[in-house]
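Hi there,

Here is the structure I promised to pass on. My notes on it follow below.

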Amino acid sequence: MKDVEGFDANVPPSGTGCVECEEAGGWWFHLRRCAQCGHIGCCDDSPAKHATAHYHATRHPVIRSFEPGEEWFWNYATEELYASGPDLAPPASHPEDQPVPGPAGRVPANWAETLR
């Protein structure tokens, strides 16, 4: 993975939740972090799929899970999964007390039906 482009280990995450969902009052299932610019977006199981949209808009190829205890990376350009990779600027995940799905108060009661 050391030869993969698309990393800036000095850039902190953009926040603790999906940037676009926060702006629109939406909700997310899991969060992903752009390894190049720190953008936090929601995963493809989330209603809006903002992490993938960020890749398409910027061509920043690599994301890392922004979930507590997860260290994997995904490369959109090559469709490769990496079990681990370089350390990025902290924090490595959203706060452990932040609910999944989240954020609290915006997740519909029938959220699980959206995963089907």
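**Notes on the fold**

Of the contacts (heavy atoms within 4.5 Å) in the protein chain with a separation of 6 or more, 57% are between residues 24 or more positions apart. Please keep in mind that this is a predicted model, where local features need pLDDT of at least 70, side-chain atom pairs count only at pLDDT 80 or more, and totals for chains, interfaces and linings use all residues. Residues are numbered from 1 along each chain as its sequence is written, and side-chain values use heavy atoms, with hydrogens and water left out.

The protein chain has two helices and five strands, arranged α-β-β-α-β-β-β from the N terminus on. These are DSSP runs numbered from the N terminus: helices are H or I with at least four residues, strands E with at least two.

Along the principal axes, the C-alpha atoms fill a box of roughly 45 × 25 × 25 Å.

Buried residues (under 20% relative accessible area, 1.4 Å probe, protein chains only) make up 40% of the 116. Helix H2 (residues 50–58) has His50, Ala51, Thr52, His54 and Tyr55 buried. Their cover includes helix H1 (19–24), strand E1 (31–34) and strand E2 (40–42). After H2 comes Arg59, with a positive phi near 65°.

Best wishes

Terms used
Buried < 20%, exposed > 50% of the residue type's maximum accessible area, 1.4 Å probe, protein only.
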